[in-house]
Amino acid sequence: MFDILAFVALILLLAGAGWRWSSSSAASASASASAEFTVASRDLALFPLVATLVMTEFNTSTLLAFAAAGYGAGPMALALPAVFLVGLLFYTVTVARAWKRFDRLSVAELFAVRYSKGVGRTASLLLLLAMTGFTATYVKSLTLLFTPLAPAWLPVPALSAVLSLVVLVAVLPGGLVSIVRADVVAFLATIVLLPLLLVLGMKQSALSGGLAAVFPASQLSLNPATQWNSQALPMRFVSTLMVITCFTYIAAPWYGQKIFAARSTQVAFRAVGISAVLVFLLYGAVVLAAAHLRASQPLLADAQLAVPTMILAWLPGGLRGFAYAVLFGAALTTLAGVWSAMATMIAADFGGPSLATVSSQRLLLVLFAISSWLGATFLVDQILDRLILANIPVAALSFALLAGFHWKRATTAGAWASMIVGVVWGVGCYVVVGEAGGYTWPWAMYGIPLIFATGITTSLLTSADTES
């Protein structure tokens, strides 16, 4: 009973934070309401921006995948949260200020403004394709999280549908404003829950001999040089994730939309830098807690269920409900944030003013919720594998984006060539090498340089033609 009360109370608080927007802005002008719905009136201060950036990245898909790695590999799995530390710091240095100076509705608008409308719409389609994959994995992970609590008679697709509907209901009233307000509540709850799980895990692990009793000495610390080809978690694989993250997050529409909502360029820059550290610490706490779970419960049937197992085994009544509400809140705000970015992109890149209205944005949110449920039900099996795969179309945009901001000689032909090569190379690596063969290495380590070499060479050749 206490668990149910705690869960319902926090969910109502999350939903109420967003629903308050509808009453406070119901009488506002249509244009003002649309701006508030899509980019929060471009007035987010440092703390709410940090909170929403952290909770956008802190999602249940990555949470379950990283916890599974911590359970299987031990403390060396801290390399996975370090991927986001490096990737988000790269974002901070290369594009955080640039995106705020650009200050539009959709990141894909950069490609249309800098190159051509065709490049812009193609970039938008690639990003929408990737986000469709991301949101499907988010719904899948949320379903896995709540499967242990669902009644046996409820089919898994029905559970996914119910959870997706709850997320949709929470975000429909106020768009980005609803998301940010819910993010602040979820952020405060998250920074309480995850350190608590780590502390409890350390205590439970000590009763069973600690981490040294279940992991070999080589996995008790992070040493990339000696762990490069480790069977537990090869750092060779992790290094590819770092490269992929650096060159895909710079184009992330859900991050770009929130940077556009920042009050100033300096606020945007500081917020992303602070978020990079906080995301690393929060995911790191989960990885270590899952490693300690291995000491007390070494025979989990599915390592992806490490997080719900920790909650059910370690937390007392009341706190279990609170914990599930926190994790649901993390999924809610991440899903809602990506859906919102997708709806805004459709309006900015394809629909014009008619799709920028609040009612049209809400309809698009409903359609994206349905597509996420379909993908989670019929396409997603292993969460981390599908998350990585969905990045292929985003990585293809990396040259065109960075050159668009930082290299004046980049041409439309160079952008097209780099995007085509990026998609063909990424898909080719997946088809030819496959997951079993480790396709991420040739995709990231050879593909990213190839994308930039193609874009630079083509731009130099075509710019010379233009000058002549």
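How many nonpolar, polar and charged residues does the lining of the second largest pocket have? By class, the lining has 15 nonpolar, 1 polar and 2 charged residues; Ala, Val, Leu, Ile, Met, Phe, Trp, Tyr, Cys and Pro count as nonpolar, Asp, Glu, Lys and Arg as charged, and the others, Gly among them, as polar.

This is a predicted model, in which local features need pLDDT of at least 70 and side-chain atom pairs pLDDT 80 or more, while totals for chains, interfaces and linings use all residues. Residues are numbered from 1 along each chain as its sequence is written, and side-chain values use heavy atoms, without hydrogens and water.

The second largest pocket holds about 460 Å³ of space. Of its 18 lining residues, Phe-7, Phe-146, Leu-149, Ala-150 and Tyr-324 are the closest to its centre. A pocket is an open set of points on a 1 Å grid over the protein atoms alone where a 1.4 Å probe fits, with protein on both sides within 12 Å along at least five of seven lines; lining residues have an atom within 4 Å of a point. The volume is the space filled by probe spheres set on the points.

Elsewhere, Thr-62, Phe-66 and Ala-69 in helix 4 meet Leu-80, Pro-81 and Phe-84 in helix 5, contact meaning heavy atoms within 4.5 Å. The residues of this contact divide into 5 nonpolar, 1 polar and no charged.

Note on methods
Helix = DSSP H or I, 4+ residues; strand = E, 2+ residues; numbered from the N terminus.
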